[in-house]
Amino acid sequence: MSIDISQFLQTFFEESFEGLDIMESELLNLNVGSADKETINTIFRAAHSIKGGSGTFGLSSVADYTHVLETLLDEMRDGKRDVTQQSVDVMLQSVDVLREMLNALQDNLDLDHDRIASSHKQLTDLLSSDTSLPAASSTDSNAPKDSDTQEENSSGGWIINFSPYPDMMKTGNDPVRIIRELEELGNLTIELNDEKVPSLDELEPESCYLSWKLTLHADVPIDAVQDVFSWVDDECELQINEIIISDGYSGPDRRAPESTGKARKAASKEQTSIRVGIDKVDDLINMVGELVITQSMLHQLHDVEEFNQNTLERLQDGLAQLEQHTRELQENVMRIRMMPISFAFQRFPRLVRDLSNQFGKNIELKLTGEQTELDKTVMEKIGDPLVHLVRNSLDHGIEMPEIRAEAGKPETGTIELNAFHRGGNIIIEIKDDGAGLNTQKILQKAKENGLVKEGDTITTEQVNDLIFQPGFSTADVVSDVSGRGVGMDVVRRNIRALNGSVEVVSTPGVGSVFTIRLPITLAILDGQLVRVGKETYVIPLISIIESLQVKNEFVNAVTGSAEVYKLRDEYIPILRLYEIFDVEPDTKNLSAGMLVIVESEGQKLAIFVDELLSQQQVVIKSLETNFRKIDGLSGATILGDGTVALIADIVGVYELYQKKIVPSELKVIHDGGVAA
Amino acid sequence: MATRILAVDDSTSMRQMVTFTLKGAGYEVEEAADGQQALDIAKGGKFDLVLSDVNMPVMDGITLVKELRSLSNYKFTPILMLTTESTGDKKTEGKSAGATGWIVKPFNPEQLLTTIKKVLG
């Protein structure tokens, strides 16, 4: 009989990652010296679960590794070991190692054995240090423990005197079960001793008064016999004596159940589940109930022969209800994918702690709005940009303590992460009270790079915005920590890929605020519908600055076909959407159509279309999953009348424009803009 | 009537594995994620066997055993603890609280079934 338990691996991985997150945040909460017992217990439990599960699911490398960690925590929990800064650091590192191990196992990749071994050694070193307790071996987790004796002699069997204490049955143990189990080992002779059974009026029905002399005629090791009694050895008097016979045959050890099955199939990473609160599910069911009622209400009108004022009103009421319930249902379904942003925030206490140590800075991290909800997919994708921005504030924003003291600021700098909802968007602010952006240095850099020309007039906001330009992150602006070869342009591009935006406001000497604006969900988009010939396109509202009718005197044609539109003080390239998507427009005459001014990668674009239609929320359908990826389009949607409208991806459209329209020598500063 | 087992563990994967194994063997299984939940469920019905983890949030397995033993319905019901080797002294603690026995983690489904069949006879 073999039972395949690999199907539960995915759940095990998920709960282990959750456990590691808990361990990490609780380790950060630990006060060195006076550690809270409940906190240690929580950390211990997480480690314990990972160890137990990994053993059961055949991930012995994880089980072995976690065993040392668990032992360490167990000693701390029992007060046998102090919580030192060193031990917290080592344990935090082991959380990282475990996470890497689980990630590798989940993806069927090779484990980094050197790293695991070195971290394992740190843990065992810690375990064997400053405590009288002997270091626990890390490999004994599967070893049978009840076998203290190694019985090699052959035997003709065993005589067992078994006298349960009166209370034995109160632990749910039944002498009959034990005897039956012995019978399975071999031929058993049973002698009952009922001397101790009292008279009926003294007899307590819940007590055991019987004892047995059991003779087991079987060549089994004593372990096997002791095993049968292992649950009750402290609840009975037990004597096991060997019946010696002289043929000297040494029987095989029969007790060798293999630990866990090795069967492990690759668990697909896409199967990840989502945890949904029962209240959300209840709301949904409730809502569906309402819909059913509305449906039956409308259905009554199905049989009406002739519409009159009364039935018409009922129809209108029904339709209004239907609309309301559909909207509520939609909102509730969306809420299922929503998770509090604390999931994205939770890694920052650790990050800030580690980096402030590294830089020798004192930094306090404040998190607010952690319960603000956003779409799970958005959450997963915003993590890296957020880390980058926080690293950046830590590295460049907050000054060294002595510099802060000189400037009359508290030595401890503050980084605040704040999330809140505003008008269908989620806003995440990363705020520091550091030095602010160095506009002089940025401007100088920009001039070196040719982003700004000598003599250009440029506002402070524009200067600050330059840090989001590609190629701006250079060695003397970005250190190895913030740098890592990834610039702020990538941050902006990644955020834009989520239909979001990022801006910075900075005051020298006071600090900077980076503001990220994101749609709450990726499933629905606020869009402007535009028409080009027979086609309808959706332009994300978040990238639209304004729409206007063309005045011919503001159109300038530069060499070739590239045209620009003079809007106030700016020259904005005109992009004729029909050229990009190769469709037949109503008109090619600019003054007969509309220009939609959008911003992409910090670059403004004037998109020429035939007509502006309505603004509405559209449900995004993936082109990739339903058809294939098409440059310039981020998806499609189905409109109210059943027709399909394509959703323009502004960054992609701009790239197409650069490829198709602009001759290469005219390419502006944004040629590095690869789709994120 | 089918034999009813209450499986208590805070780890979802563990619970899923145990439930899957036991149901496959024809037992009726209810799950609880901590001691308190288990106690509430146990009070609401009768189980032939309780299988409980030791380390759990809210109420641990040892407390659960004590609480169950104080209920007349569960005075003699077999209660098995799911322990690990490293928590050896928990066995004694579990026993003195009134646990019937233990199954040592890691265990595989076959070992689990063998032990349970023994206890249930």
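Student: Why is A:E206 called partly exposed?

Tutor: This is a predicted model, in which local features need pLDDT of at least 70 and side-chain atom pairs count only at pLDDT 80 or more, while totals for chains, interfaces and linings use all residues. Residues are numbered from 1 along each chain as its sequence is written, chains are lettered from A and ligands numbered from 1 in the order in which they are written, and side-chain values use heavy atoms, leaving out hydrogens and water. Now the term: buried means under 20% relative accessible area, exposed over 50%, and partly exposed in between (1.4 Å probe, protein chains only). A:E206 has 25%, so it is partly exposed.

Student: What makes A:E206 and B:K75 a salt bridge?

Tutor: A salt bridge needs a side-chain nitrogen of Lys or Arg within 4 Å of a carboxyl oxygen of Asp or Glu. Here the closest N and O atoms of B:K75 and A:E206 are 2.9 Å apart, and the pair forms a salt bridge. It crosses between chains, from the loop between α3 (61-69) and β4 (79-84) of chain B to the loop between β2 (187-193) and β3 (211-217) of chain A. Those helices (H or I, at least four residues) and strands (E, at least two) are DSSP runs, numbered from the N terminus. At 30% relative accessibility, B:K75 is partly exposed.

Student: How many salt bridges are there between chain A and chain B?

Tutor: The count between them is two. A:E181 also forms a salt bridge with B:K118, with the closest N and O atoms 3.3 Å apart. Over all chains, the count comes to 35.

Student: Which helix of chain A gives the most to the side that touches chain B?

Tutor: That is α2(A), with nine residues. The contact, meaning heavy atoms within 4.5 Å, takes 49 residues from chain A and 44 residues from chain B.

Student: What is the area buried between chain A and chain B?

Tutor: Buried area is the accessible area (1.4 Å probe) that two parts lose on being put together, summed over both. Between chain A and chain B it is about 3,700 Å², and carbon and sulfur atoms give 56% of that.

Student: Is B:R4 buried or exposed, and how do you know?

Tutor: Its relative accessible area is 15%, so B:R4 is buried. B:E28 has 40% and is therefore partly exposed, and B:E30, with 34%, is partly exposed as well.

Student: What makes A:C208 count as buried?

Tutor: A:C208 has a relative accessible area of 7%, so it is buried. A:C236, at 4%, counts as buried too.
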